[in-house]
There are 2 protein chains.
Amino acid sequence: MYEVFLSKVNEKVSLTPQEEAEIVAHLTHKTLRKRQFFLQEGDICRYIALVEKGALRTYVTDLEGHEHITAFALEGWSLGDLCSFFKEEPATQNIEALEDCELVLISRPAHESLLQTMPKYETYNRILMTEAYIALQKRTRDMISLSPDDQYKAFVNVYPNIVQRVPQHMIASYLGLTPETLSRIKSRIAQHR
Amino acid sequence: MYEVFLSKVNEKVSLTPQEEAEIVAHLTHKTLRKRQFFLQEGDICRYIALVEKGALRTYVTDLEGHEHITAFALEGWSLGDLCSFFKEEPATQNIEALEDCELVLISRPAHESLLQTMPKYETYNRILMTEAYIALQKRTRDMISLSPDDQYKAFVNVYPNIVQRVPQHMIASYLGLTPETLSRIKSRIAQHR
DNA sequence: CCAATTTCTTGATTCAAATCATTGGGACCA
DNA sequence: TGGTCCCAATGATTTGAATCAAGAAATTGG
């Protein structure tokens, strides 16, 4: 039931069976139906989730009430409003299931406890955060320096599986475009080959 | 000479004098003249820097050769192309001094050595990366959801000291605008009060 | 299986920012 | 002192994406 989580940790630091058991003892499990929310703006994010199965989207709402998707998450990806989780402030992000989902959760107390008692867990988190930062920096760079066409091409290359599973207008939202513009970009790209 | 670095670490984990000495033994010092580069695209980023004094900008170059500033750094801020630093790949970022600078450097071997031998250093890094990730996420959210006017206002509120020290066209570049547009935004904001 | 809803595409129009172009103000220096 | 360079401000024009609008295709649910 917690294989995906453990295999993620084992990718970075190798755990003994005892350590695996210790971690599992701190985890809980949750299922979500399509369109259910894992987190809503204004609530406090009490858990970080890892996706065992399914797909979700994270989005924020701007002053005019428009939604902007900031992230997708598929199997093996982590989720949560870190700012809200660590500072116990109201979340600014919404996280919604796009398909029926199986999640593994870790609460703040469980997280802190593991950090205290298991150096490998802290190492895992340091590496995880470093990689997440690098990935986000890369995405920010692409947003800034690529044309919409190239952004879409990059997106398709990096996340071909998401393109299959997520409606086009959500990908448009993620890329900061209207659905119409993305549609035109696609036909433009199709032309030039 | 290394007070700024040590005080940054001490903010997150409190060090004994011995630990402070151990860290300092792994650091080096560097001065940079205005317009000198700390890092150039294509080079491998061998050091992470902390700014003791001065100001720098990080920028990337797009396919058409246009520069896009992705970050500024003032006293107490950290710098470097993390992707290049950890993977020993050519850097995609350029880091240039905007004023004469004093930097404290840590090399990859020194960093790894401290991670191995000093749990507090690992804890410091985990917290640092987590905060950096949260801050970058916030910036990305603002880029996506705020109007250019609000983005500029937010920038001025968060970094009033940068506005003083950095030419306007660089702030425009950071915000993803042309200098002309930023100039108009400023006069628009001045009108409405 | 069919009706309802959602999703995608395509066209016409509008609008905001980029681009192009000019001006004026300092700073620095011979 | 006059000249050059750099920077900011402003005006005129162009351009590319958003918006508005409509219809076709696909999915969903009863």
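So, chain A and chain B: 23 residues of chain A are in contact with 23 residues of chain B. Keep in mind that this is a predicted model. Which elements give two or more residues to chain A's side of that contact? They're strand S5 (67-73), helix H3 (82-87) and helix H5 (119-145) of chain A. H5(A) gives the most, with 16 residues. If you sort chain A's side by class, you get 10 nonpolar, 9 polar and 4 charged residues.

Now, how do the two copies relate? Chain A superposes on chain B with a rotation of 180° and 0.0 Å of shift along the axis, and the RMSD is 0.0 Å. The copies are thus related as by a two-fold rotation axis. Looking for where that axis passes chain A? The C-alpha of Arg126(A) is the nearest one in that chain, 2.2 Å from the axis. And the same surface serves both copies, with 100% of chain A's contact residues recurring in chain B.

Okay, on to the DNA, strand D. There are 14 residues around it, and those that come nearest are Thr181(A), Pro167(B), Gln168(B), Glu180(B) and Ser183(B). Going by elements, two or more residues each come from helix H9 (179-191) of chain A, and from helix H8 (168-175) and helix H9 (179-191) of chain B. H9(B) has the largest share of that surface, 6 residues.

Methods
Residues numbered from 1 in each chain as written. Chains lettered and ligands numbered in written order. Predicted model: local features only at pLDDT ≥ 70, side-chain atom pairs only at ≥ 80, totals over all residues. Least-squares fit on C-alpha atoms with pLDDT ≥ 70 in both. Contact = placed C-beta atoms within 7 Å. Helix = DSSP H or I, 4+ residues; strand = E, 2+ residues; numbered from the N terminus. Nonpolar A, V, L, I, M, F, W, Y, C, P; charged D, E, K, R; others polar. Near = placed C-beta within 6 Å.
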